[in-house]
Amino acid sequence: TTTTTTTLTTTASVVVSTDAVSRGNCGVEEDTLVDNVLWRGFVSGRVFALEPMVSTLVLPAVYQTECNFKKQQQLLLPFAALAAESVPEPTHLLVRLLFAEIHFEEPGQRVFSVAVEGSAPRRLDLVDVAGGFLRPHDEEFVVPLNDIVRASAGVIVSITPEVERAKLSGYVITPVTLDMLPPTTSTNPDGTATEPASTTTTTTTT
C-alpha cells in the first residue's frame with residue numbers, strides 16, 4: 001500500500017453528480033433536511049452541541065453538533081448504494097470530514113488525529129488550523145472504491161485523541177473518478193465544487 005499527498009490549487013469550478021452523494025450529521029440521531037438536502041443522523045461516542053442562542057449566530061447546522069471520543073475509535077461511515085448503470089463508473093470516493101471547534105477557544109486545548117482507510121494520520125488542532133473558535137474546517141481524503149469498500153458500504157475512519165477528546169461534526173462522501181478531481185477537489189454538501197485557494201488531499205492506492 002502506498003500513500004501520496006498532493007496539494008491541488010483550484011483554478012475553476014466543476015460539478016460532481018449528486019446522485020450518490022452521502023452526507024452524515026454527527027451527534028444527531030434523526031435524519032434532517034437542510035435546504036432540501038438530506039443529512040443522515042450519525043451517533044457514536046459522546047455527543048455535544050452548541051447552545052441554540054450561539055448556534056443561530058455562527059456556524060452552518062452540520063458544524064454545530066459533534067460526536068467526541070475519549071479513546072481511539074474506528075468509525076464506519078456509510079455511503080449510499082451505487083447505481084449499477086452509473087456512467088462513468090466511479091473508481092474512488094472523495095471523503096470530506098467536517099470539523100469545527102465549538103467548545104475550546106485556544107490553540108492546543110484539543111488535539112487529535114484522523115486517518116481514512118489506512119491513510120497516514122493527520123494531526124489536527126482545530127482552533128489553529130481553522131484560524132479560531134467556531135470556524136469550520138474540512139479534511140479531504142481520496143479512497144479507492146475497491147471490492148472491500150464496496151462490500152462494507154462504508155468508509156473506515158480512525159480517530160485518535162491526543163489532548164482532550166477527539167471529535168467529528170459530519171462527513172460528505174462523493175463517488176468520483178480521478179479525472180473528476182483536478183483542478184478542484186473540494187465539494188459542497190449539495191455536490192457542487194468550491195474554490196479554496198488550495199486543499200491537501202490524500203490519495204491511497206492499493
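**Aromatic Close-ups**

**View 1. Y171 is a buried residue.** In this predicted model, Y171 has a relative accessible area of 2%, which is under the 20% limit and therefore counts as buried. Two aromatic pairs are found in a search of the whole structure. In one of them, the ring centres of F42 and Y171 are 6.1 Å apart and the ring planes meet at 85°. Because an angle over 60 degrees counts as edge-to-face, this pair is placed in that class. The pair links distant parts of the chain, with F42 in strand β4 (residues 37-42) and Y171 in strand β14 (residues 170-176). The two residues are 129 residues apart. F42 is also classed as buried, at 13% relative accessibility.

**View 2. F99 and F112 form a tilted aromatic pair.** A pair of aromatic rings is described by two values, the distance of the centres and the angle of the planes. For F99 and F112, the distance is 5.7 Å centre to centre and the angle between the planes is 50°. F99 belongs to strand β8 (residues 92-100) and F112 to strand β9 (residues 111-116). These partners are 13 residues apart, and the pair links distant parts of the chain. F99 is buried, with a relative accessible area of 0%. F112 counts as buried as well, at 1% relative accessibility.

**View 3. R122 lies over the face of the F141 ring.** This view concerns an arginine and an aromatic ring. R122 is placed at 3.8 Å from the ring centre of F141.

Conventions:
Residues are numbered from 1 along each chain as its sequence is written. This is a predicted model: local features need pLDDT of at least 70, side-chain atom pairs count only at pLDDT 80 or more; totals for chains, interfaces and linings use all residues. Side-chain values use heavy atoms; hydrogens and water are left out. Rings of Phe, Tyr and Trp (its six-membered ring) pair if their centres lie within 6.5 Å; planes under 30 degrees apart count as stacked, over 60 as edge-to-face and the rest as tilted. Helices (H or I, at least four residues) and strands (E, at least two) are DSSP runs, numbered from the N terminus. Buried means under 20% relative accessible area, exposed over 50%, partly exposed in between (1.4 Å probe, protein chains only). A charge sits over a ring if NZ of Lys or CZ of Arg is within 6 Å of the ring centre and within 35 degrees of the ring normal.
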